[in-house]
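Biologist: I would like to go through this model with you. Can you put it up?

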Amino acid sequence: MVILTVAKLDNNKSSGLYTNIPIFVKTLNNYSQSACLDCGNTNPESLKEYDNYFKLSDYSDFSIKNLPQPFNKPDLVVFQSLYIIDFIKIAKELKSMKIPYTIIPRCSMTKAAQKKSGLKKIIGNTLWFNRFIEDALFIHFLTKNECLESEKNFKIKNKVIVGNGFKTPEITYKTHQRDCFKVLYIGRYNVYHKGLDILLKAIAYKKEFFIQNKFKFILWGKDSDNGIQKMQSLICKYKIEDLVEINGEIYGKDKEKELLDSDVFIHTSRLEGHPTSVIEAISYGIPVLVTPGTNMLDDVKNNKLGFFCNLDKREIADTIINAYENKNEFQNISNREIDFAKENYNWDNIIRKNIETYKEKLKG
């Protein structure tokens, strides 16, 4: 089976695309012939030594037919993401060549995502992207909830659901014996996308309890849309400077150290595809606290991997307190998370499932 992945990549290490797509492409190569066509303007470090990596910018008048064999006539093309105009031209050529394709929209078809830059998306959908979606052989969603939310906005004739993965860590979580209680967030400082405005409201809502019980809310991430400035303004407004610590980007061993030193990993997102940061926390065995917008609430709830609530300041505050009051259960939660991640987030397992699913769809 020959699979061509089409994406727009960069060296933004905080992006799930940077982390997941190279692993997706390389692991596919263990079970098929896999290549990546990059529509971005940079050369991502994660694919610079991969033989079957092609840049759209290297072709003055791009055509799929110009790619080396066998990728000039793949069995399937996988578009990673949705709102990229280069994808439209490529999809038109694929249709003329009768080459099927799928789209992994990464949450961009959900109701919450459609509200962001809503007018632009209405125009874009009308002109190009509705047809792009309709002509796909199927849509590849990362979670069941992402699929359900997307079906409210688009006519989806065919679909599959297979999620992201994560490399199994060598070191995993152990409960801490200390006075302070650390709640950790790692992700972009996109205040709306990540629901950070509601998280800060929740901290302010129960700040007396959090102060009395020596809570620390430790945030790490890359600035996005002036998010750090917005966060600092809200922290001052709510007078929670003693509770919330804002830090910059963190990766590698430093990130692992912060994860293992935390008590709870929190994500209060409004919209996600299948967030790598939460998958990572679960893989390390860090008890998680998630809201519906993470698209991981069902996994957490059904498999007892941590805590969950709606995106509401009162519910978030009360759930954080509930986690604190049940910290004697953290090691049991951690053990369940590690077992769950080995089965459900292992990249080899995920890619094998992808290959089987893709073959079924191609048979019709």
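Biologist: Which helix gives the largest share of the nonpolar patch?

Modeller: Helix α4, residues 118-134, which supplies four residues. Helices here are DSSP runs of H or I with at least four residues, strands are runs of E with at least two, and both are numbered from the N terminus. This is a predicted model, where local features need pLDDT of at least 70, side-chain atom pairs count only at pLDDT 80 or more, and totals for chains, interfaces and linings use all residues. Residues are numbered from 1 along each chain as its sequence is written, and side-chain values use heavy atoms, with hydrogens and water left out.

Biologist: Which residues form the patch?

Modeller: I85, L119, I123, L127 and W128, with about 520 Å² of accessible area together. Areas come from the Shrake-Rupley method with a 1.4 Å probe, and for residues only the protein chains shown count as cover. Patch residues have over 30% relative accessible area and no salt bridge; nonpolar side chains (Val, Leu, Ile, Met, Phe, Trp, Tyr) are joined within 5 Å, like charges within 9 Å. A salt bridge is a side-chain nitrogen of Lys or Arg within 4 Å of a carboxyl oxygen of Asp or Glu.

Biologist: Where does I85 lie?

Modeller: In helix α2, residues 85-97. I85 is partly exposed because its relative accessibility is 48%; buried means under 20%, exposed over 50%, and partly exposed in between, with a 1.4 Å probe and protein chains only.

Biologist: New topic. How many aromatic pairs does the structure hold?

Modeller: It holds 25. Rings of Phe, Tyr and Trp (its six-membered ring) pair if their centres lie within 6.5 Å; planes under 30 degrees apart are stacked, over 60 edge-to-face, and the rest tilted. F138 and Y358 make a tilted pair, 5.6 Å centre to centre with 40 degrees between the planes. That pair links distant parts of the chain, 220 residues apart: F138 is in strand β6 (residues 138-141) and Y358 in helix α14 (residues 347-363).

Biologist: Are those two buried or exposed?

Modeller: F138 and Y358 are both buried.

Biologist: And why is the pair of F215 and F217 stacked?

Modeller: Because the planes are at 20 degrees, with the ring centres 5.9 Å apart. F215 is buried at 3% relative accessible area, and F217 is buried at 1%.

Biologist: What about N354, what does it touch?

Modeller: N354 is in helix α14. Leaving out residues up to four places away in sequence, N354 touches F24, H140 and V162, where contact means heavy atoms within 4.5 Å.
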